[in-house]
Amino acid sequence: MAEYFNKVLAVHFRSSNRENRQSAVRINVSFRSSSSSANKELVVRITDEEDLFFLYNLALGEADFHT
């Protein structure tokens, strides 16, 4: 897996039913390809080290990009 971006950034969260807050989240962008198949994926993962229940994980395959 090749990693392209991995940093902690300050983010403002806005919510209609909760108080607005600011937190430091880790954003990781990497590229994953399987040796057994020709499938390649761009993986985006966002985590908050202070909130263990906060996780956003997205894997975009080649089939997800329509030209």
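1. A salt bridge is defined here as a side-chain nitrogen of Lys or Arg within 4 Å of a carboxyl oxygen of Asp or Glu. By this rule the count comes to three. One of them joins Arg-32 and Glu-41, with N and O 2.6 Å apart; Arg-32 is partly exposed at 34% relative accessible area (buried means under 20%, exposed over 50%, partly exposed in between; 1.4 Å probe, protein chains only).

2. The model is predicted: local features need pLDDT of at least 70, side-chain atom pairs count only at pLDDT 80 or more, and totals for chains, interfaces and linings use all residues. Residues are numbered from 1 along each chain as its sequence is written, and side-chain values use heavy atoms, leaving out hydrogens and water.

3. The chain contains four strands and zero helices (DSSP runs numbered from the N terminus: strands, E, at least two residues; helices, H or I, at least four).

4. Asp-48 forms a salt bridge with Arg-21, the closest N and O atoms being 3.9 Å apart. This pair links distant parts of the chain, with Asp-48 in strand S3 (residues 40-48) and Arg-21 in strand S2 (residues 21-33), 27 residues apart. Asp-48 is buried, at 4% relative accessible area, whereas Arg-21 is partly exposed at 28%.

5. A salt bridge also joins Glu-49 and Arg-26, whose closest N and O atoms are 3.3 Å apart. Glu-49 lies in the loop between S3 and strand S4 (51-61) and Arg-26 in strand S2, so the pair ties together parts 23 residues apart in sequence. Glu-49 is exposed at 58% relative accessibility, while Arg-26 is partly exposed at 27%.
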